[in-house]
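Colleague: I am new to this structure. Could you take me through some of its strands and helices?

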Amino acid sequence: MLKIDGIVTFVTVAEAGSISEAARRLRLSKSVVSERLSEMEKALGATLLHRTTRKLTLTEDGAAFLQRATRIAQEVREAAADLAERRGTLMGPLRIAAPVTFGRMHLGPALYPFLAEHPEIELTLDLDDRRVDAASDGYDAIIRHGLIADSRLVAWKLARSRRLLVASSDYLGRHGNPTSLSELEDHRGIFYTNRGVADWRFQGLDGAVVIRGKLALGVNNGDVLHDAALAGLGIALLPAFIAGPSVREGRLVEIDVGYRPEPEFIFMAHPEGRNPSTKLRAIADHLKKAFGEPPYWELEQPQQKDEAVSRRELLESK
């Protein structure tokens with residue numbers, strides 16, 4: 001007769017690639033892990049693993065059984081986590097995708113204290129700038145900056161995100177400082193390719209005004225966008241959580257064209273129809289508090305405006 005603990009052990013061994021590593025993850029002795037595997041193979045009447053002193057590989061039967069066994073083990077882990085959460089303990093696996101730059105600069109530092117407080121949570125954080133499909137890619141949630149238009153997702157706002165139109169002093173010295181939207185159209189732009197060249201969106205009296213600059217560089221990573229602006233390659237519309245420090249330090253100049261960029265938000269989204277776990281809600285609540293309102297990365301508006309004006313006047317006087 002098959003036992004649940006044997007199935008979980010087999011899946012853990014297959015994922016870990018060794019009995020010793022699986023034993024460490026399961027907090028069991030190697031002898032107990034080996035015993036459970038032997039009982040599994042006896043119950044199934046099949047050899048699941050080829051074992052040598054140097055290598056452990058799946059047999060053909062083992063590979064076929066692993067597909068369904070993985071789903072069973074995942075269901076058992078989630079069921080155990082749900083029961084633990086009923087008792088007030090946050091535990092179990094969780095998989096979240098997020099953009100690289102935001103994850104490195106803000107998400108990771110915000111999550112570390114939470115994970116230290118809840119060591120039973122098994123979080124996998126995938127940092128990737130591609131537009132992942134939360135449902136089909138197997139994520140419990142995704143974190144995204146900007147509009148979420150996918151009707152299959154339920155989005156929670158974590159923080160607002162002001163964007164800054166910026167360039168280096170070197171670029172503005174060579175190409176001039178645009179003071180209107182029409183002048184902005186003639187400038188070289190650095191664009192986030194996940195959004196495209198129609199990403200320069202400003203608040204107009206009758207809705208959004210979209211400006212299409214001349215493409216200098218398209219890239220799908222916020223760090224490279226920021227670095228390209230610092231290098232004087234062109235003008236970029238960057239989130240304050242990326243560009244704020246460089247503006248405060250004077251390495252980038254905020255450009256005033258008479259219109260504010262459209263406001264945006266940082267969202268956490270989970271697949272529709274899937275009840276979010278207590279631990280996912282707890283992480284979302286923690287992140288809201290960690291980011292603050294207004295978010296800690298936002299520049300104060302009066303200070304930001306004064307700095308932009310003084311730098312523009314300095315450039316125009318040269």
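Modeller: First, some terms: two strands pair if DSSP finds at least two bridges between them. Strands (E, at least two residues) and helices (H or I, at least four) are DSSP runs, numbered from the N terminus. This is a predicted model, in which local features need pLDDT of at least 70, side-chain atom pairs count only at pLDDT 80 or more, and totals for chains, interfaces and linings use all residues. Residues are numbered from 1 along each chain as its sequence is written, and side-chain values use heavy atoms, leaving out hydrogens and water.

Colleague: How many bridges join E8 to E11?

Modeller: Strand E8 (residues 188–192) runs parallel to E11, and five bridges join the two. Arginine 188, for instance, has lysine 214 of E11 as its bridge partner.

Colleague: In what order do the strands of that open sheet stand?

Modeller: The order is E11-E8-E12-E7-E13, with mixed pairing. E11 (214–219) and E13 (253–254) each have a single partner strand, so one side of each lacks a neighbour in the sheet.

Colleague: Changing topic, is H9 mostly covered or mostly uncovered?

Modeller: Mostly covered: seven of the nine residues of H9 are buried (under 20% relative accessible area, with exposed over 50% and partly exposed in between; 1.4 Å probe, protein chains only). Among them are Phe241, Ile242 and Val247. Glycine 250, which follows H9, has a positive phi near 85°.

Colleague: And which way do the residues of E5 point?

Modeller: Ala141, Ile143 and His145 point one way from E5, Ile142 and Arg144 the other, and all are buried. Four bridges join E5 to strand E14 (residues 264–271), and these two run antiparallel. Isoleucine 143 stands opposite methionine 268 in E14.
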